[in-house]
Amino acid sequence: MHTKRNQALTMHPLFFDPIYRTAYREEKDGKTALKYRDDIWGVRLEDNGDVTFTMHAPSAETVEVAGVGGSMGRERIALERDGEGNFSKTVSGIAPGFHYHFWYVDGVQVANPVAPVAYGCFGATNFFEVPGEGEDFWFLKDVPHGDVQIRTYVSGVNGHVKKCYVYTPPSYDREPGRKYPVLYVQHGVGEDETGWIWNGKLNFILDNLIAEGKAREMIVVMCCGYAFLKDEDPVFFPGDFGREIAENVIPFIEDHYRTAKGRSNRAMAGLSLGSAQATQFVARFQELFAHLGVFSGMRDQEAEEILSRHEEYPMETVLMTAGAGEKGLDQAQKAYTDRFRALGVAGGQRCYPGYHEWHVWRASLRDFAELIFRGGAQAQTGSGTGEADFTYQEAPLDTEQMDRQTFAEHILMFDPIYKGLVHAFDENGRPAGKYKDEHCGAEVVDAAEGKFRFWIRAKGAKTVEADIWGMGCFALEPAEEDWWTCEVRGIEKGFHYYGVKVNGVDVLDGNAPVGYGGFRAINYLEMPEEDFEEYRIRQNPHGTVHLNYYRSEETGRTKLCYVYTPASYEKEPDRRYPVLYLQHGGGENEAGWIWQGKLANLADNLIAAGRMEEMIVVMGTGYAFPDSGAYHPAMSAFTEELVSSGIPFIDRTYRTIPDKEHRAMAGLSMGGMQTQRCVFAHPELFRWAGIFSGGLTIRDEEADYSAILLDPEEFSRRFAMLFVACGTQEWSYESTKENEEAVLAAGVPIVTFEGYGYHDWTFWRHCAKDFLPRLFR
């Protein structure tokens, strides 16, 4: 995983372009400077294809790593201790592919917080990639990229707010009169809506196929396939997700996107559990789908139903695939695909090197995408289908349910389920497992008393602790089965990062919300703030969160930015919008404002209440380290990158108002420092700025801003607003307050904000709530 390798090999949900660096304070000549140094790579792919595993575990006796089966196997690999408290080993001969794996500290199964993490096996699970020789169809390439959007809808089955990921092809925004076919593709058991993007690299596969002319341009929809009802005890299928697809998802997509009508323009596919769901849905709704992709699965009864109605609802494509290691599955599938092919249906059966794993499913998707939507012009436009329009109608939601989801949502799973699977088979040998409930890692017991209970699964551990940042470590005690637990009182309202220690080693709890903080994967908990309504999920018109990629002129690397567009953006195609560039702090990254900061919730609710101007909000990663080493030791080269690459990309891609009167920048901590540096250096670009916990600087060793901050006339020429916020419990409060008073005493009308708050997301959410309504007024 060296930085010169394709970025598809190193990306993961918590950090698209990991830096594997950490910050430290350097004391020199009586002054303190913040700098970066290299940090541990939990897993690193070497140039010769070997894999190096590393974990910092000074208190451990042994550290091991093992796959979950499949191409890597389950045999544990013992790592070797060095003199600095690290356990490490370089391993040869691991087969190409995507590999989930577990770490073992003194025999206790854990997750490594400095190795890539995805959602798998019903929780946060480590993984790594080994590329196959000459296999790059899922790589990030220099081709036009489609847009990946995170959309919000309501399930009429269980009354939950749901998120789906939607891929739109590169031409979608350039050709507003064009309609597109739609592929609905499902994940497997133990995974969720994030899987096909982060593990499957679906958007890169489609980008590359479309650029090469091998696939039709299409919309792709990826949903969370769980529709559990309260107290339901389903067998295999997790609730009636088929009804959710038919009654909620398809109407939502057809109501919000330019979709071509008719079953010829609609495909359903899935892997493992998703393959069974796909087969079941097509059998149940044959009037809706003419294309079926079955990856690593087989459902006899439903396949027979589809065949029996072929004359009434002819299938156009049926592709069934399996890994070569899935014994006998290929032959079972072929028995059916031969019958479909005899009826003139495209597809057949295909087998790939591997087992029940993601590199098999990527190849499956590639081949399926090449086959579908190959009908004539009528099929592509959807004309003459006679199909009625779908209407998306949202049922009213229970406020208590929306609140539960507000405090549970995180980047790896929007609507978390805490389940395990009891493996079983029915009388026909088909999977018929049942779901068992498991504990959430951190549960609110009594919000009024600030009472939380931790549950951590750590079979065989000697000690387990929860380290709540700012509060200290709390020892857990053995409880039921393999679980450890404790209750903690007095947790203040708001957001709290916490670490987990097993036998004194920092690990990650896969059964609790996860974010990126402190330069690593870290768990967090939410103690509800009863009087803070704006950050909660509410049934207002929802904006869209986009995942966009652009090229950095400074580093030569592709960067990911999250972009929020308000609900009106797609409904008013001739309208242009102001833009806010909103930055994270040191140790965090581009995902922070969406998941920890709840920016989309805040914007949705403030806009719906008429308290905030509708705007585009751009959240990019604030790290930019050129190979030349020419960058600011604390803030990197991000401010230069934003000006040369980020802003031009956003202005090309979105309907912005591209002038300084309609452009703002703000940030927290490091992002606040970057904001002051950038907006003062580029008065031609920005008229609005916000510094949250970044420390207002009048002059220091690097810059002198006194000619602006102490001169009311010059300030008014430069700024429409400068907003400065600092929590009263922050270490920089006194110095920030002193500078604010000096600026105000000079007659410069900066806007100040303070409150009882630490250097944390609780305070920064309140900053955003006060700042956003002031912009562009």
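Tutor: A residue is called buried when its relative accessible area is under 20%, and exposed when that area is over 50%. The model discussed here is a predicted one.

Student: Is His 496 buried or exposed?

Tutor: His 496 belongs to strand β29, which covers residues 494-502. The cut-off for a buried residue is under 20% relative accessible area. The value for His 496 is 11%, so this residue is buried.

Student: Which backbone oxygen does the side chain of His 496 reach?

Tutor: Leaving out residues up to four places away in sequence, His 496 touches Ile 468, Ile 491, Asn 523, Tyr 524 and Leu 525. Its side chain also comes to 2.7 Å from a backbone oxygen, and that oxygen belongs to Glu 492.

Student: How far apart in space are His 496 and Trp 484?

Tutor: In sequence, 12 residues separate His 496 from Trp 484. From C-alpha to C-alpha, the separation of His 496 and Trp 484 in space is 20 Å.

Student: What is the order of the strands in the open sheet that contains β28?

Tutor: The sheet has four strands with antiparallel pairing. Its edge strands are β23 (442-446) and β27, each of which pairs on one side only. Strands β27 and β28 are joined by two bridges, and Glu 477 stands opposite Thr 485 in β28.

Student: Is Glu 481 buried or exposed?

Tutor: Glu 481 is found in the loop between β27 (477-478) and β28 (483-488). Its phi is near 50°, a positive value in a residue other than glycine. The threshold for an exposed residue is over 50% relative accessible area. Glu 481 has 73%, so it is exposed.

Student: Where does Asp 106 lie?

Tutor: Asp 106 is a residue other than glycine with a positive phi, near 50°. Its place is the loop between β9 (97-105) and β10 (108-110).

Student: Which strands stand at the edges of the open sheet containing β3 and β7?

Tutor: Four strands make up this sheet, in the order β3-β4-β8-β7, and they pair in the antiparallel sense. Two of them have a single partner strand each, so one side of each is left without a neighbour in the sheet; these are β3 (43-45) and β7 (80-81).

Student: Which residue of β4 is the bridge partner of Arg 44?

Tutor: Strand β3 pairs with β4 (residues 51-56) over three bridges, in the antiparallel sense. The bridge partner of Arg 44 in β4 is Thr 52.

Student: Where in helix α3 does the kink lie?

Tutor: Helix α3 spans residues 241-256, and its kink is about 30°. The kink comes shortly before the proline Pro 251, at Val 249.

Student: Why is β17 described as largely enclosed by the rest of the structure?

Tutor: Arg 266, Met 268 and Gly 270 point one way from β17, while Ala 267, Ala 269 and Leu 271 point the other way, and all are buried. Strand β17 is largely enclosed because the number of its residues that are buried is six of the six.

Student: What unit do β17, α4 and β18 make?

Tutor: Strands β15 and β17 run parallel and are joined by five bridges, with Val 185 having Ala 269 as its bridge partner in β17. Five bridges also join β17 to β18 (residues 291-295), again in parallel, and the partner of Met 268 in β18 is Leu 292. Together, β17, α4 and β18 make a right-handed β-α-β unit.

Student: How many residues does the largest nonpolar core have?

Tutor: In soluble globular proteins, nonpolar side chains tend to be buried together. Among the residues with the most contacts inside the largest nonpolar core are Leu 183, Trp 196 and Tyr 562. Leu 183 is in contact with residues including Val 221, Met 268 and Phe 368. The largest nonpolar core has 173 residues.

Student: How many residues are in the second, separate core?

Tutor: This core includes Ala 60, Ala 115, Ala 466 and Tyr 498. The number of residues in the second core is 45.

Notes: Residues numbered from 1 in each chain as written. Predicted model: local features only at pLDDT ≥ 70, side-chain atom pairs only at ≥ 80, totals over all residues. Heavy atoms only, no water. Buried < 20%, exposed > 50% of the residue type's maximum accessible area, 1.4 Å probe, protein only. Contact = heavy atoms within 4.5 Å. Polar contact = N/O pair within 3.5 Å; in protein donor to acceptor, adjacent residues only side chain to side chain. Bend = angle between axes of the 7 residues up to and from the residue. Pairing = 2+ DSSP bridges. Core = buried A, V, L, I, M, F, W, Y, C linked by side-chain atoms within 4.5 Å. Right-handed = clockwise from strand over helix to strand, strands pointing away.
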